[in-house]
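User: Hello! I am new to protein structures, and I would like to learn how to read one. Could you walk me through this example?

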Amino acid sequence: MKRATVEYIIAGTVVAMAILLLVVGALRTHQVYDPDTEEYGIQAFDRISDAELTIDATFSGTKRRDGRLYSTYDRSEPRGKQACPT
């Protein structure tokens, strides 16, 4: 085999693996528990995608306690652009 052929095979394999990992990341979900319902003995949670978890974690929307993710805001309210709080 020529060197160029081997390089194309390796490059194709790396691209295929990258696409596979992107698809797996897009389909993965996480359970985020609501801390307000735990005081009543209910363990209510929302399933959010990996991308939503990244956004929430960036802006302190989730916190990890005892190996679980907890929401720090009310997820039932509509989200979107908000005015600057300062």
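**Reading the chain step by step**

Analyst: Let us begin with burial: buried residues make up 15% of the 86 residues in the chain. Buried means under 20% relative accessible area, exposed means over 50%, and partly exposed lies in between, using a 1.4 Å probe and protein chains only. This is a predicted model, where local features need pLDDT of at least 70 and side-chain atom pairs count only at pLDDT 80 or more, while totals for chains, interfaces and linings use all residues. Residues are numbered from 1 along each chain as its sequence is written, and side-chain values use heavy atoms, with hydrogens and water left out.

User: How many helices and strands does the chain have, and in what order do the elements run?

Analyst: Helices (H or I, at least four residues) and strands (E, at least two) are DSSP runs, numbered from the N terminus. Here there are three helices and four strands. Starting at the N terminus, the elements run α-β-α-β-α-β-β.

User: What order do the strands take in the sheet?

Analyst: Two strands pair if DSSP finds at least two bridges between them. In this model, the four strands form an open sheet in the order S2-S1-S4-S3, with mixed pairing. Strand S2 (45–49) and strand S3 (62–65) are the edge strands, each pairing on one side only.

User: Which strands run parallel, and which pair in the antiparallel sense?

Analyst: S1 (residues 29–33) and S4 (residues 68–71) run parallel and are joined by two bridges. Val 32 has Leu 69 in S4 as its bridge partner, and Tyr 33 has Tyr 70. S3 and S4, in contrast, pair in the antiparallel sense over four bridges. There, Thr 62 stands opposite Ser 71 in S4.

User: Where does helix H3 lie?

Analyst: For such questions, axes are lines fitted to C-alpha atoms, for helices over the stretch in contact (heavy atoms within 4.5 Å). Angles run from 0 to 180 degrees between N-to-C directions. Helix H3 (residues 50–58) lies across S1, S2, S3 and S4, and it runs at about 100° to S2.

User: Which residues form the salt bridge?

Analyst: A salt bridge is a side-chain nitrogen of Lys or Arg within 4 Å of a carboxyl oxygen of Asp or Glu. The structure holds one: Glu 7 pairs with Arg 3, and their closest N and O atoms are 3.0 Å apart. Both residues lie in helix H1, four residues apart, about one turn of the helix. Arg 3 is exposed at 68% relative accessible area, whereas Glu 7 is partly exposed at 43%.

User: Which residues form the nonpolar patch on the surface?

Analyst: Patches are made of residues with over 30% relative accessible area and no salt bridge; like charges are joined within 9 Å, and nonpolar side chains (Val, Leu, Ile, Met, Phe, Trp, Tyr) within 5 Å. Accessible areas come from the Shrake-Rupley method with a 1.4 Å probe, and for residues only the protein chains shown count as cover. Here the patch consists of Met 1, Val 6, Ile 9, Ile 10 and Val 14, with about 520 Å² of accessible area together. Val 14 lies in helix H1 (residues 3–27) and is exposed, with a relative accessible area of 54%.
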